[in-house]
Amino acid sequence: MKDINTVRKAVATMANQLHKLGYSLSQAFKTAWKRVKNSMKCRVAGVTYEKRQQLLQFIAGRKHEDLTVYLQRDRANTFDKDAVAVVVGISNVGYAHIGYLPKGLSQSLAKVIDKGIGLQADVKVIGGYGYKETLGALVNIAV
């Protein structure tokens with residue numbers, strides 16, 4: 001069972017950030033509670049840059065049990081001050097930075113991560129069905 005104080009802290013932090021982004025306070029809390037209760041599923045952004053397509057192809061061939069997903073703040077990112085990197089740990093191999101959370105979601109989750117509230121995530125590689133179709137990744141996040 002989740003620790004209720006951790007959940008409340010995450011909701012309050014997310015709601016305050018959403019309120020700063022222009023949501024009314026009641027809508028911010030409703031949105032934050034919905035995100036916490038239902039988990040958050042989104043596509044990982046930036047998967048076509050650098051050599052991330054090869055990383056995703058490598059990850060797609062691994063068992064789900066061998067993968068651990070970490071959401072890490074990227075304070076050195078010059079394009080987005082609230083950037084949250086999606087890093088996949090692969091058992092007995094190492095770590096692979098596969099992209100970032102979309103800006104809308106990272107704006108509210110960055111403050112949650114900054115406060116040290118633990119988030120669980122898992123990743124699923126999608127796409128790559130055709131000869132030149134790129135791979136993508138879906139990340140499922142829960143508090």
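Tryptophan 33 is partly exposed, because its relative accessibility is 32% (buried means under 20% relative accessible area, exposed over 50%, partly exposed in between, with a 1.4 Å probe and protein chains only). This is a predicted model, where local features need pLDDT of at least 70, side-chain atom pairs count only at pLDDT 80 or more, and totals for chains, interfaces and linings use all residues. Residues are numbered from 1 along each chain as its sequence is written, and side-chain values use heavy atoms, with hydrogens and water left out.

Tryptophan 33 sits in helix H2, residues 25-38. Helices are DSSP runs (H or I, at least four residues), numbered from the N terminus.

Now turn to helix H1, residues 4-20. The axes of H1 and H2 come within 8 Å and cross at roughly 135°. Axes are lines fitted to C-alpha atoms, for helices over the stretch in contact, and angles run from 0 to 180 degrees between N-to-C directions. H1 and H2 are therefore oblique to each other (under 35 degrees is roughly parallel, over 145 roughly antiparallel, 65 to 115 roughly perpendicular, the rest oblique).

H1 also packs against helix H4, residues 103-114. Their axes lie 8 Å apart, at an angle of about 135°. So H1 is oblique to H4.

Between H1 and H2 runs a loop, and glycine 22 is in it. Is glycine 22 buried or exposed? Glycine 22 is exposed, because its relative accessible area is 63%. From asparagine 140, glycine 22 is 118 residues away in sequence and 25 Å away in space, C-alpha to C-alpha.

Key:
Helices (H or I, at least four residues) and strands (E, at least two) are DSSP runs, numbered from the N terminus.
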